[in-house]
Amino acid sequence: MRIATNLTSTIRDLKRRKARGRRGLALVEGVRLVEEALAAGTRIIGTVVAPELARTTRGTELRVMLARHAVSVEDISAKVFAGLGDTETPQGIIAVVEPRRWTPDDVPLAGAPMLLVIDGVQDPGNVGTLLRTAHALGARATIALRGTADVWGPKTLRAAMGATFRHPILSFDDAAFIGWARRHDVTLWATAADGEPLHRALQPRETGAIAVIVGNEGAGIRPHLNAIAAKRVAIPLAQGAESLNVAVAAGILLYEVSRGR
């Protein structure tokens, strides 16, 4: 893969979702996320650093770690860095990474796993939190359907807090997802305000793979996905409460599904 010698031009290009998709690369900003990328074995193409990085012991140590991993470092001014960064309080480092691209064959479905399916959730913060939650609660993988915010976008990565580097993520169009789920006998559970109460849905226990689908913040799950779901499940709420944040709802559902396996 050819990478521009000047990393700053590469970073400017990768600020666009289309460029990230075309090049198979992403941007990781901040000390914590670069540390997580290193720890997960993610390939780091190169980094740019501003003087701010050397102002903390942790930043200095990170630079040493990058050198140990033979990662190139390009020093730039604070002014140039400000034009590249995406955070309100820059920590002085941006890395260009080549994320692992997962395929369906990378996700074993033996042993009654659970999966998370994200249907058109558009807020990057919510998508990142969903990925973090799925990883923490033991989901075998997360499937991102069309209309979902870029899982490798800067805001999504920050919200995921490093989970993206370790948790399998698959991107499907609707037809491919439906076909895959049918071929592998994956039971689909759709979240719905008027669905079956969760405690009832958990009885009797399912013995195969379960994929929990969460939908767009406003519109919910699209009708054709609702139509093929084996169950439509609701989380009972206190009187007067209208709804839950999509990531909070997913966390409750995944926890209860995992507890009942």
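## Asp-185 and the α8–β8 loop

In this predicted model, Asp-185 occupies the loop that links α8 to β8. The residue directly follows helix α8 and adopts a positive phi of about 55°. Asp-185 is not a glycine, yet its phi near 55° is positive. The side of the protein on which this residue sits is open to solvent in the following sense: Asp-185 has a relative accessible area of 62% and is therefore classed as exposed, the cut-off being over 50%.

## Helix α8

Helix α8 covers residues 174-183. Its buried residues are Asp-174, Phe-177, Ile-178, Gly-179, Trp-180 and Ala-181.

An α-helix has 3.6 residues a turn, so residues three or four places apart point the same way. Among the buried positions of α8 are Asp-174, Phe-177, Ile-178 and Ala-181.

With a relative accessibility of 30%, Met-161 counts as partly exposed, whereas Asp-185 is exposed.

## Asp-150 and its arginine partner

Asp-150 is located in the loop between β6 and α7. Its relative accessible area is 14%, so Asp-150 falls under the 20% limit and is buried. The side chain of Asp-150 makes a polar contact of 2.8 Å with the side chain of Arg-20.

When residues up to four places away in sequence are set aside, Asp-150 touches Arg-17, Arg-20 and Thr-156. Arg-20 is therefore named both in this list of contacts and in the polar contact, the latter being a pair of N or O atoms within 3.5 Å.

## Lys-231 in strand β10

Lys-231 is part of strand β10, which comprises residues 231-234. It is a buried lysine, with a relative accessible area of 15%. Its side chain reaches the backbone oxygen of Ala-201 at 2.5 Å.

Apart from neighbours within four places in sequence, Lys-231 is in contact with Leu-188, Trp-189, Ala-190, Glu-196, Ala-201, Gln-203, Pro-204 and Glu-206.

## Overall architecture

The protein contains 11 helices and 10 strands. Its radius of gyration is 20 Å, close to the 18 Å given by the globule rule for 261 residues, so the protein is as compact as a globular protein of that length. The C-alpha trace spans about 60 × 40 × 30 Å along its principal axes. Of contacts between residues at least 6 apart in sequence, 80% join residues at least 24 apart.

Buried residues account for 51% of the 261 residues. The protein exposes about 12,800 Å², of which carbon and sulfur atoms supply 51%. There are 33 positive and 25 negative side chains, and the centres of these two sets lie 3 Å apart.

Key. Residues numbered from 1 in each chain as written. Predicted model: local features only at pLDDT ≥ 70, side-chain atom pairs only at ≥ 80, totals over all residues. Heavy atoms only, no water. Buried < 20%, exposed > 50% of the residue type's maximum accessible area, 1.4 Å probe, protein only. Helix = DSSP H or I, 4+ residues; strand = E, 2+ residues; numbered from the N terminus. Rg over C-alpha atoms; globule rule 2.2 N^0.38 Å. Contact = heavy atoms within 4.5 Å. Areas by Shrake-Rupley, 256 points an atom, 1.4 Å probe, with all protein chains shown as cover. Lys, Arg positive; Asp, Glu negative; His and termini not counted. Charge placed at Lys NZ, Arg CZ, Asp CG, Glu CD. Polar contact = N/O pair within 3.5 Å; in protein donor to acceptor, adjacent residues only side chain to side chain.
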